[in-house]
Amino acid sequence: MADFDAIVCGGGSNGLAAAIRLAEAGWSVCLLEANDDLGGAARTIESTLPGFRHDFGAAFFPLVAPSPSIVGQDLAPYGVRFVHAPLPAAHPFPGNQAIALGRSAAETAASIDKVHLGDGAAWFALDEAFGAVMKHFLRAQMQRWPLQELAKVIGRLRISGGLEFARIVVSGVNAVADRFESDQAKAFLTGPAMHADLQPEEPGTGVYALLLTMLGQRHGMPVVEGGTGMITAGLAAKAREDGVEIVTGRRVDRIVVERGRAVGVEAGGEALSARRAVIGALEVGALVRLAGPESFPPRALAEIRYFRPGLGTFKVDWALDGQVPWAAEECRRAGVVHVGDTPTEMSRSAWEAAHGLLPAKPTLILGQQSLADPSRAPAGKHTLWGYAHVPASPTGDAGRPRARAAGWDRSAEPFLDRMEAGIEAHAPGFRDHILARRAWTPADLEGADASLAGGDIQAGSFAIDQQLFFRPGPSWWRWGTPVKGLYLAGASAPPGAGVHGACGDLAARQALADHDRPRLLALAGAGALGVGALAARRRRR
Ligand SMILES: Cc1cc2nc3c(=O)[nH]c(=O)nc-3n(C[C@H](O)[C@H](O)[C@H](O)COP(=O)(O)OP(=O)(O)OC[C@H]3O[C@@H](n4cnc5c(N)ncnc54)[C@H](O)[C@@H]3O)c2cc1C
């Protein structure tokens, strides 16, 4: 039986990050990936036409530059280069208007004032109050011990600012957006919050919108030159260099638990033993199924039963014969474009999806990677990436209330048409530029990456009661699990979704700390005994 210090299940960014950290510490590590290629949701594929390289999942990385994560810090020597469109993001409105997120508060405020004079000042006020602390707020979530970064947040905000920030953390983005007068500025702030699976009234969406906009303004909304798959290639190259044995096309069928401890896995008919740790870089439900529910105490199982998945996702790759013909010029220069005419429409779209309905007018998150990175498409051509939140299995259609619920096999084409109509409304003639497209229903996403169960791209809802110590549940304390030697390194663990590798990195650090603790305690004990013996000898003298 093959024998390793650690076995990592899942070769997405988190699995690779975990494997690297363990190997760096001198552990022998084997990583098993079910698919034939590594990367999970961090892959770039020619899903439409030859020469058009589409990000299958993750595409934009505003949180990477300011983060201490492995993806942000360690991959430049492996050819990972972040590149920027002229503007980080934009939001079009009826009447050929748009608001752009610029690279400074002045630039963004000017764009807001162009649509509604006076709202720019409200942006300045938000930026001045909270812009600088967002980096520390982000970094706090990406560390095992966040106290130093939290102290920086509090140090900068002082007591009254800190209380105001705490209020924003528990606010919906709709409440934060009420600082603006115009519906357009409110919608502009709401757009980034819609990356998450929540309604704009839900707590946590306010701080999420500020995180993306404030960091996007300071660090841009970069994409990776050559595609997100380059991050995976960089991580894999580093892992191999560090001695990690990587096996693709090998699904883990079972995590073996003996006397309350994870001791190995079974994969493709082969048994592999893990002397120190099994790391599940997977969605938590899958981890429980693989280790067997009987391995967990009832309370921990109940926490997972009530851990809510995120909404489903309907994702589309478009190959275009030119740029999207946005009516508003800001959108023609932006990496990310949010489409949703008013905060009410965006709220309705999220509400409908959360209640099992296909949204009648879906909020769209769009990415124009080829603006920043011409290598994504043949010369003169472009790619477009986009998604909308939908129910995993719709029970009805808000756009056709009388229609009976239809499965994705009959709903995909009409829904894709609805998404394209949403773009066409702000970019007349868009459809004439489409050379080919590939739509991914929630089931298609899960088929391509088992960790995207039901098309949930976050491995568990972003809801505030599922963050930090509550992710995925209090018994799953900080990347450990109730089973000894078994760690959760997927995005169901803090800090959650994103290609940063932090969940994997932190799970690995936790495993290393747990392994070292008895030795450190023994050393400390031996030290104490030695000091005691010395003192006794001195007394005898
Ligand atoms: C459409 C979409 C858009 C997104 N946009 C962004 C974005 O712009 N920016 C961003 O930072 N993040 C984005 N994300 C989220 C981000 O991609 C994920 O949070 C991140 O990739 C999670 O990494 P992971 O390693 O935990 O899981 P995954 O990347 O899902 O990898 C899990 C891996 O485990 C493998 N696996 C599953 N079961 C087994 C098994 N039994 N045995 C062996 N292997 C197994 C899978 O095949 C997969 O390779 C997006 C995701 C999607 C799908």
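## Basis of the values

In this predicted model, local features need pLDDT of at least 70 and side-chain atom pairs count only at pLDDT 80 or more, while totals for chains, interfaces and linings use all residues. Residues are numbered from 1 along each chain as its sequence is written, and side-chain values use heavy atoms, with hydrogens and water left out.

## The open sheet

Seven strands, in the order E7-E6-E14-E16-E17-E13-E19, form an open sheet of mixed pairing; strands (E, at least two residues) and helices (H or I, at least four) are DSSP runs numbered from the N terminus, and two strands pair if DSSP finds at least two bridges between them. Because strand E7 (97-101) and strand E19 (434-440) each have a single partner strand, one side of each is left without a neighbour in the sheet.

Strand E13 (residues 312-320) pairs with E19 in the antiparallel sense over six bridges, and Trp 318 stands opposite Arg 437 in E19.

## Gln 217 in helix H9

Gln 217 belongs to helix H9 (residues 205-219) and counts as buried because its relative accessibility is 2%, where buried means under 20% relative accessible area, exposed over 50% and partly exposed in between, with a 1.4 Å probe and protein chains only. The side chains of Gln 217 and Trp 123 are joined by a polar contact of 3.0 Å (a pair of N or O atoms within 3.5 Å; within protein, one must be able to donate a hydrogen and the other to accept it, and residues adjacent in sequence count only if both atoms are side-chain atoms).

## The ligand site

A polar side-chain atom of Asp 449 lies 2.5 Å from an oxygen atom of the ligand, and a backbone N or O atom of Phe 60 lies 2.9 Å from a ligand nitrogen atom.
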